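Q: Could you show me how to read a pocket and a sheet in a protein model?
A: Gladly; let us look at the model together.

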Amino acid sequence: MGKKKKKKFQQLPFRLNILFFIVFLLFSTLIIQLGVVQILFGEDAQDKINATENQTTYNPVPRGEMYDRFGRLVLKNEATRAITYTPPKGGASAEEKVTIAERLAELIDIKNPEDKVTERDKKEYWYVLNQDEANSRLTAEEKELEIAEQYQATLDKITQSDIRYLDDNEDLLEVIAIKKQLDRAYELAPYIVKNTDVTAEEYAKVAEHLNELPGIDVPADWKRQPVYGFTFKNFIGSIMEGIPSDNTDYYLARGYSRSDRIGDTGLENQYENVLRGMKEQIQYTTNKSGNVVDSEVKLKGTQGNDLVLSVDIELQQEVDKIVKEELQTAIEMYPYQNRFMKDALVAMLNPKTGEILALSGQRFNRETNEYEDNSFRVLYDAHRPGSAIKGATVLSGLQSGVITPGQQFYDRPIKIKGTPEKSSYRSLGTVNDIDALKRSSNVYMFYIAMRLGGEFNYQYNKSISYNPDSFQEIRNYFSQFGLGVETGIDYPYESTGYKGSNPAAGNLLDFAIGQYDTYTTMQLAQYISTIANDGYRIRPRLVKEVRKPTVYNDKLGAVLKSYNPEVMNRIDMDQSYIDRVQEGFYKVYQESGGTAYSYFNDAPYDPAGKTGTAENEVYVDGKKYNTENLTLVGYAPYDNPEVAFAVVVPNTGAISGQYPINHKIGRGILDAYFNLKAERDENGVNMNLQEQEQNEETGDETASKEENSESE
C-alpha cells in the first residue's frame, strides 16, 4: 500500500490580504473614534440629543386694592377667567398665529368682531394666506425697498375686491380679531386674548385643547371693580393694557413687559409703583420640539400694596347726592334762566391735615337729559370765583400796608375815567375791613387794589396812575394761599387756572373782587383751609397710608407708610391780620347782615366763610349771554376747624336771590358731615384706622387674659 499524499494548503492571494488589512485598520480607527466620543464628549453629545432649553416668563399679579379712611373696601380685584397667549422665544410666524387663531375661534366667542377689525387687519390676514400673489404685485423698484417699506407697499396693493369676502363672514372676522390680539403679544410675556365674559364652557374647552394651541394658557385672572359704582370712580382712575409706546424705555427699565397692565389715569396712575406688585417668575424647560418638559417657580409673585384713602366714602355718597339734587332742582325750577348751567362742584377737606374728605362734580348732559359724575372737574376746570376770595384781598392790603386794621372807606360807586362805573351790590355806607367781608363790599376791595397800584388819591371819574406790576404783586400774595398755583395734591394733573393778560386799571379792580383770574374748586378749598388753619397752607392728600395686602376682606394689612400733614408754606402775613379776616368770615355766617347769615346762623356746628358771585359770559353761535358763577367757601367749627369746603356752580342765570344753589349745597354738605360724625360718635365708630387697630389689639389681649383666668 502506498503512502497517502498530504493535501497542500492554498494560500490567499497577496492583494486580498492587503485588502483585509486595510479593512481591519478602518474598523480599528472607527472603534477608537467612538471610544473617544463616548469618553471625552459623551456628556455634550447627550445634551445635544436632549436639546432642551430654559426660558423664564414673568406672570403678572393682582394690583393693590383701595380702602376709604374707615377701612371700607372701595376698589377690589374681582377674580375672572382668562385666555392668554405667550409667544415662544424668537416669536411665532404669522402663519402659526393664523393657525392658532383659527383653532381658538372654534372654541371661544368674540362679540362684535366687526368692531374690533380694521381694514388693515383684513389686508394683513389676506397677505398671510396669499403671500406669493401679494409679492408678485410689487415692482422691481419696490422689491429693493427696506423690509418695512416693502411690506407697506404690498399692503397698499391689496384691493377692496381682495378682502370683500371677509366683510360679512363673522367666523373669519373672529379669526382676524384673535390674530390681532396674538400679534400684540411679546415673547415670554403672557398677553390677554380674552378676559371679559369668558364662560365656563369656553374656559373648559380651551383648557382641554391646550396641546393643540402652542402658547395659549387659561390662568386665573382679575379685573378692577369699584365697589361703589361711579362714586369717586373719576379719582380712582383706570388701568390700560400694555405700556405706552411714547414711554417704552422708562417702563422696560423698571421691569415691565410690553403687555403689562399699568395705571393709566387717577390714583391708579399716581400710585403705580405702590399698586403694581412683584411678578411671579416661572422657568420653563422645553425640548427641541418646543414642548414644555418641566417648570419651576423661581420667584413667587406678591400682590401690590393697598392704599388707604383719606376719603370718607359714606360722606362722598351723601355729597354726590346733595350736589345732584340741588343742580337738578335749580335747572327744573328755572329752565330758561339756567339754560347754560350744567356743573356743580364741591371739595371738602380737613384744613389741619389736608386730607380730602370728598370731591364731587355733577354735570347735566342736555343731549341725553341725564346727570353724569364729572368729579375730575374739581381739579381740571377753573372759574371766576367772585367775592369768595376777598379774604385774600384784605390780607394782601393789610400785609402790604396800604390799609390798616379797622381802616374805613365809604362804600359808594367808583368810576375811573374811560371805564364803566363799578360798585357793590348796593351802597353800604362806611365800612371797615371786617364789615367789608361780612357785607361783601366791592368798593372796599377797589380801594385796596388802587392803593396796591400806587393810587392813594382817587377821585370820581378821574384818571388814576398805577403800576401794572401790581397785578403780579397781588398774584404773589394770592399764591401763598394756593390761588393761581398748583395745590400739590397727589394726583397726576391739576389746572392752575387762567391769568388775565390785559393790565388795565379797571381789570385790577376786577381782580380784587374775583372777576379776573380764574381758580379751580380745589384751589378755593385750599385757600379757605389756609385761613382756617391760621395761615398754614397744607398739601391736600387723597391717600393716607400704604398697607401690605391681606387675604382677609374685612381687615387691612400692616402699615408700610403713613403720609403726615405737609406744610407747604406759612403765609407771610401777621397773625393779627389773619384773626381779623377770620372774624369777618365768622360774621358772614353768624351775624345779621352777613351775606350767608340767613342760611347758616342756626347751624349748631358754628361755621364761618365767604360767599361769592362772579359775572360771566357764555358765547353761543357768536352771541354773548351774561351768566353768573355762584361760589361759597367755608369751614367749621369756627374755633377749632375740622372741615373746610368750596362750592362752585358756574354759568347760572341770575337766580342767586331766587334759588341760592351755592348756599343750598354748602349747608347740605356741612349738615351731612356733622350728622355722620354724630352717628359715628354715638355708635363708637368715629375713629381712625390706627385707633381701630389699637382697640382690636387691646381687645385681643383682654380676651386672652380672661380666657387664661377662666382656665385657672
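Q: Which residues lie nearest the centre of the second largest pocket?
A: Rolling a probe the size of a water molecule over the atoms shows where empty space is left. Here S387, N442, Q515, T613 and A614 lie nearest the centre, among 30 lining residues. On a 1 Å grid over the protein atoms alone, a pocket is an open set of points where a 1.4 Å probe fits, with protein on both sides within 12 Å along at least five of seven lines, and lining residues have an atom within 4 Å of a point. This is a predicted model, where local features need pLDDT of at least 70 and side-chain atom pairs 80 or more, while totals for chains, interfaces and linings use all residues. Residues are numbered from 1 along each chain as its sequence is written, and side-chain values use heavy atoms, without hydrogens and water.

Q: Which strand gives the most to that lining?
A: Strand β24 does, with six residues. Strands are DSSP runs of E, at least two residues long, numbered from the N terminus.

Q: What sheet order does β24 belong to?
A: Strands of a sheet pair through backbone hydrogen bonds, either parallel or antiparallel. In this open sheet, six strands follow the order β15-β14-β13-β26-β25-β24, with antiparallel pairing. Two strands pair if DSSP finds at least two bridges between them. The edge strands, β15 (370-373) and β24 (608-620), each pair on one side only.

Q: How many bridges join β25 and β26?
A: Eight bridges join β25 (residues 623-636) and β26 (residues 643-652) in the antiparallel sense. In β26, T652 is the bridge partner of E628.

Key
Helix = DSSP H or I, 4+ residues; strand = E, 2+ residues; numbered from the N terminus.
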